[in-house]
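Here is a short walk through one chain.

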Amino acid sequence: MPNSINKRRILVVGPGANSKGGITAVIRNYGRSSFWTEFGCVHFSSTRDGYRVGKLGYAIWRFFLFLWTILVSRPTAISLHTSHGSSFARKFCYLCAARMVGIPVVLHVHPAAFRDYYNSGSARRRWFVRLAGQLSDRIVFLSTTQLDAF
């Protein structure tokens, strides 16, 4: 394996490894692939299961840790796994921070109903979703159905 591959580090941002849900399952499956180790992927938990106040405190702490992490370790790229609602709001903050320091971002959109989230939202929500798409270097949808909806 060439040295350039060994120096790559991809920060994969999503729910904690013990969280319930589809995003965790997808990241867990990625972690079992040869790609994960070959490209130096590192999981970074942005949220966890629990009560609302605990989750909020954890999310805030993790965002500040994320800022420190990207400034100090300078990953090659960041893979943001998002859903709708608060997940999207959190990942939008991560996206902006990464772009401010010039780190490329791949936005992974998970829910099948993300188009409904976009369509049913206010003009402000739709603007933020479009901006997230513009700020992302790549967008990954987990199915062709989702891709075709956009």
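A nonpolar core is a set of buried Ala, Val, Leu, Ile, Met, Phe, Trp, Tyr and Cys residues joined through side-chain atoms within 4.5 Å. The model shown is predicted. Its largest nonpolar core has 23 residues. Leu11, Val13, Phe66, Ile70, Ile78, Leu80 and Phe88 have the most contacts inside this core. At least two core residues come from each of β1, α4 (52-73), β3, α5, β4, α6 (114-119) and α7. Helix α5 gives the most, with six residues.

Take phenylalanine 66. Neighbours within four places in sequence aside, phenylalanine 66 is in contact with Leu11, Val13, Phe44, Ile78, Tyr94, Ala97 and Ala98.

Strands of a sheet pair through backbone hydrogen bonds, either parallel or antiparallel. Here five strands form an open sheet, and the pairing is parallel. The order is β2-β1-β3-β4-β5. At the edges sit β2 (41-47) and β5 (138-141), each pairing on one side only. On average, neighbouring strands are turned by 20 degrees against each other, direction ignored.

Look inside the sheet at β3 (residues 77-82) and β4 (residues 105-109). These two strands run parallel and are joined by five bridges. Which residue of β4 is the bridge partner of leucine 80? It is leucine 107. Leucine 80 is also among the core residues with the most contacts.

Helices come next. Helix α2 (residues 22-31) lies across β1 (10-15), β2, β3 and β4. Its direction is at about 150 degrees to β1.

Two packed helices are described by the angle between their axes and the distance between the axes. For α5 (residues 86-100) and α7 (residues 123-135), the angle is about 35 degrees and the axes are 10 Å apart. Their crossing is left-handed. From α5, the contact uses Phe88, Phe92, Leu95, Cys96 and Arg99. From α7, the contact uses Phe128, Val129, Leu131, Ala132 and Leu135. By class, nine of these residues are nonpolar, none is polar and one is charged.

Finish at helix α3 (residues 34-38), where glutamate 38 lies. Is glutamate 38 buried, partly exposed or exposed? Glutamate 38 counts as partly exposed because its relative accessibility is 31%, and that class falls between under 20% for buried and over 50% for exposed. Aspartate 49 is 11 residues from glutamate 38 in sequence. In space, the two are 30 Å apart, C-alpha to C-alpha.

How values were computed: Residues numbered from 1 in each chain as written. Predicted model: local features only at pLDDT ≥ 70, side-chain atom pairs only at ≥ 80, totals over all residues. Heavy atoms only, no water. Axes fitted to C-alpha atoms, helices over the stretch in contact; angles between N-to-C directions. Helix = DSSP H or I, 4+ residues; strand = E, 2+ residues; numbered from the N terminus. Left-handed = near helix turned anticlockwise from the far one by under 90°. Contact = heavy atoms within 4.5 Å. Nonpolar A, V, L, I, M, F, W, Y, C, P; charged D, E, K, R; others polar. Pairing = 2+ DSSP bridges. Buried < 20%, exposed > 50% of the residue type's maximum accessible area, 1.4 Å probe, protein only.
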